[in-house]
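Try each task before you read its solution.

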Amino acid sequence: MAIDLSVTVNGMRFDNPFVLGSGPPGTNGKVIARSYDLGWGGMVCKTMSLDASKVVNTAPRYAKLRARTSEEVIGFENIELISDRPFEHWIDDLKQLKKNYPHKILIASIMEECRKEAWQEITRAVQATGVDGFELNLSCPHGMPERKMGMAVGENPDLIEEVLGWVKEVSTIPVWAKMTPNVGNPVVPAGAALKGGADGIAMINTILSVIGIDMKTLRPMPTVEGYSVPGGYSGQAVRPIALRQVMEVARHFPGTEISGIGGIETGLDAAQFMLLGASTVQVCTGAMLRGYEIITELKAELEKFMVDHKFANLREFIGKSLPYFTTHHDLGDRQKDAREAKEQARAKGARAMDAETWKGEIAVETSALVTN
Ligand SMILES: Cc1cc2nc3c(=O)[nH]c(=O)nc-3n(C[C@H](O)[C@H](O)[C@H](O)COP(=O)(O)O)c2cc1C
């Protein structure tokens, strides 16, 4: 059976649905080129802004949560900001990448201060490099909100719609809005983005968290000169939260292109996001912990899943599990109906059994009479 892993989303053709998510895996042109060579279907580069001099990162900026009985990293927290590379360097890298890899999908993640001129300036400049699409970072939960950027926009539906409107006014390529999970109902900000003209929704960014306290020093982690701030949680532990948010948005806005993100480390993790409505998936922490090479495994696992279920292409199963969410009340009704049906079947079975026994007894008695 021929398996087709390619998918076309908002006119962009991805060789396969595995996209490296914005973050350290897409920190410059050199590493992005390497990811293409290894077979990733697309790439969202690290978020850039017009003035990188305002971005001051700390060291350390990562902390890990390990399983209790092994060294396995189950959760990851970062307090990393957006890219601190000069904007001009990014422009050169993007141009070069599109020249060397014209058929590979390159999505530029951008973020700006909440002003129309700033958003439109960055959109125009980046678009001129030939990138295939934009991802608007409306969701970084740490550092940037202090400058009224990132999550400060993403948790405010009016601002989301406004920013989308500014960008869409000047963009000629698809625009995805990357959403924050740090809201009660993800449908509200996603709806604002779609109303503002977003072509697709990327979700989720990291979850605000405090990963723990160093029990020797009693200081919160990651510890910078003895202090810390809440950071963004990612990796395996966030996957159930991301799946739920993707499901809610997919059910509420059928047909919307969703790029599913959050704790994807295997082909089967990816398949679950797709069953809940994502047409592409992004991997960030998984690639940081296990290397860009995991792409070979991811593709093989997804392919095996498709063979096992006889799916020839991705669209055959995107959203397939969505109809099986319902209300809790309905679950109760279904359970009651199933129990009643089972009891009725049992009673019918018992009646049939009685009739069989009765028939048997008659036969025995009749044969006894004949013999006598
Ligand atoms: C160290 C680190 C840096 C990140 N930087 C960015 C960023 O610059 N822009 C962005 O949109 N998301 C950023 N993210 C968020 C990821 O793209 C992704 O949304 C999130 O980590 C959940 O996916 P994951 O579990 O596969 O990492 C970053 C994540 C990590 C771990």
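**Exercise 1.** In which loop does Cys284 lie?

Cys284 sits in the loop between strand 16 (278-283) and helix 9. Helices (H or I, at least four residues) and strands (E, at least two) are DSSP runs, numbered from the N terminus. Residues are numbered from 1 along each chain as its sequence is written. Please keep in mind that this is a predicted model: local features need pLDDT of at least 70, side-chain atom pairs count only at pLDDT 80 or more, and totals for chains, interfaces and linings use all residues.

**Exercise 2.** Decide whether Cys284 is buried or exposed, then list its contacts.

Step 1: a residue is buried if 20 or more other C-beta atoms lie within 10 Å of its own, exposed if 12 or fewer, and partly exposed in between, with C-beta atoms placed from the backbone. Step 2: Cys284 counts as buried because it has 27 C-beta neighbours inside 10 Å. Step 3: leaving aside neighbours within four places in sequence, Cys284 is in contact (C-beta atoms, placed from the backbone, within 7 Å) with Gly21, Gly23, Pro25 and Ser234.

**Exercise 3.** Which residues of helix 1 (residues 29-38) are buried, and which are exposed?

Step 1: Ile32, Ser35 and Tyr36 are the buried ones. Step 2: they cover an arc of only 100 degrees around the axis, so they are on the same side of helix 1; the arc is that of the directions from the helix axis to the C-beta atoms. Step 3: Lys30, Arg34 and Asp37 are exposed on the other side of helix 1.

How values were computed:
Two residues are in contact if their C-beta atoms, placed from the backbone, lie within 7 Å.
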